[in-house]
Amino acid sequence: MPPRSSTLTAAALFLLVARPALAADNTDAQPKGAAVTVLKAAKSCFDNIVEVSGVVMARDERQVRPDRFGLKVAQVMADPGDAVTAGQPLARLTDGANAINVTAPVAGTISASTAIVGAPASAKGEALFTIITRSEYDLVGMVPTRDVTKVKADQTARVAVLGAGEIDGKVRLVAPTVEPNSQLGQVFIALTTDRRLLVNSSGRARIKTGQSCGVAVPLTAILYSTAGTVVQVVRRDRIETRRVETGLMSAGQVEIRDGVQEGEIVVARAGALLREGDPVRPVGENADAK
């Protein structure tokens with residue numbers, strides 16, 4: 001039987017030799033691959049939008065003249081830009097010793113006036129006042145032929161008018177023809193606001209023509225490559241490259257019409273350095289989903 005001290009020495013040497021091997025085994029157990037931030041593909045709804053550029057126009061205007069000849073303007077009681085009510089006196093006219101008042105036939109906003117004290121006023125001459133009836137305005141815009149059929153009466157719109165900011169609008173009328181040279185159709189969008197609008201000011205409308213709901217991912221998850229438009233999906237901690245068909249886009253989100261299912265885990269920031277089959281370590285609130 002060998003001495004006890006020799007037995008202890010041999011056991012110690014075995015442990016020293018085995019320890020690196022155990023450490024290597026522990027290293028192999030650690031997750032491999034690059035850490036990637038992931039998220040879950042979720043459903044979202046996107047508005048179908050048609051954009052229209054145009055100018056602000058009065059929907060209807062009434063011109064105001066006296067009903068007889070031989071009159072002169074003695075007093076002007078309203079100016080361009082004033083809001084007036086039906087029957088409100090606009091000017092006082094005289095014919096010798098007689099005087100009459102010219103009144104507003106409708107409520108609205110005075111858009112123009114030629115009334116000057118001492119100037120003649122006639123039933124056949126230039127209008128003394130022009131009134132925008134009921135202060136109603138339209139944005140009259142042009143739409144490409146491909147979008148004309150999408151636009152219908154009563155669809156809502158958000159309209160950005162130069163000098164007035166964003167206001168609400170609604171499609172009032174779509175012209176039944178298109179301009180032959182430009183192939184653009186005309187759309188009239190009724191504007192709803194208490195703000196003062198300037199005729200002929202430019203505006204841009206976003207008309208909501210419908211809505212599409214489906215799977216969505218952030219724009220950063222989309223990768224454009226020689227293989228087409230792709231999304232990188234994580235399955236069993238490895239990269240799968242999926243070719244996708246994209247749809248509408250809004251607020252940094254992209255509609256995925258085909259290629260990714262709801263609930264699948266995708267790389268939040270797709271990268272060209274990640275290849276099909278690469279091992280990865282998912283990071284994020286959806287990292288545990290496989």
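By class, the lining of the largest pocket is made up of six nonpolar, four polar and three charged residues, where Ala, Val, Leu, Ile, Met, Phe, Trp, Tyr, Cys and Pro count as nonpolar, Asp, Glu, Lys and Arg as charged, and the others, Gly among them, as polar. Before I go on, please keep in mind that this is a predicted model, in which local features need pLDDT of at least 70 and side-chain atom pairs count only at pLDDT 80 or more, while totals for chains, interfaces and linings use all residues. Residues are numbered from 1 along each chain as its sequence is written, and side-chain values use heavy atoms, with hydrogens and water left out.

Let me stay with the pocket for a moment. A pocket here is an open set of points, on a 1 Å grid over the protein atoms alone, where a 1.4 Å probe fits, with protein on both sides within 12 Å along at least five of seven lines, and lining residues have an atom within 4 Å of a point. The largest pocket holds about 190 Å³ of space, the volume being the space filled by probe spheres set on the points, with grid points joined across faces, edges and corners. Of its 13 lining residues, Asp47, Ile49, Arg206, Met249 and Ser250 lie nearest the centre. Two elements give two or more residues to this lining, namely strand S2 (42-58) and strand S19 (245-250), strands being DSSP runs of E with at least two residues, numbered from the N terminus. Strand S2 gives the most, with seven residues.

Strand S2 also deserves attention for its partners. S2 and S15 pair in the antiparallel sense over 14 bridges, where pairing requires that DSSP finds at least two bridges between two strands. Within that pairing, Asn48 has Gly210 in S15 as its bridge partner. S2 is joined to S11 as well, by six bridges and again antiparallel, and there Met57 stands opposite Asp138.

What joins Cys45 to Cys213? A disulfide does, with an S to S distance of 1.9 Å, the criterion being a pair of cysteine sulfur atoms within 2.5 Å. The pair links distant parts of the chain, with Cys45 in strand S2 and Cys213 in strand S15 (residues 202-218), 168 residues apart. The link is right-handed, with 105° about the S-S bond, and a search of the whole structure finds one disulfide. Cys45 has a relative accessible area of 43% and is therefore partly exposed, a class that lies between buried, under 20%, and exposed, over 50%, as computed with a 1.4 Å probe on protein chains only.

Turning to a further sheet, four strands form an open arrangement in the order S7-S6-S4-S9, with antiparallel pairing. Strand S7 (98-103) and strand S9 (120-121) stand at the edges with a single partner strand each, so one side of each is left without a neighbour in the sheet. Strand S4 (residues 71-76) is joined to S9 by two bridges, and Leu71 stands opposite Ala121 in S9.

I close with backbone angles. Most residues other than glycine have a negative phi. Ser135, however, has a positive phi near 55°, and this residue is found in the loop between strand S10 (129-133) and strand S11 (137-144). Arg236 likewise has a positive phi, near 50°, in the loop between strand S17 (228-235) and strand S18 (238-243). Is Arg236 buried or exposed? At 66% relative accessibility, Arg236 counts as exposed, whereas Ser135, at 30%, counts as partly exposed.
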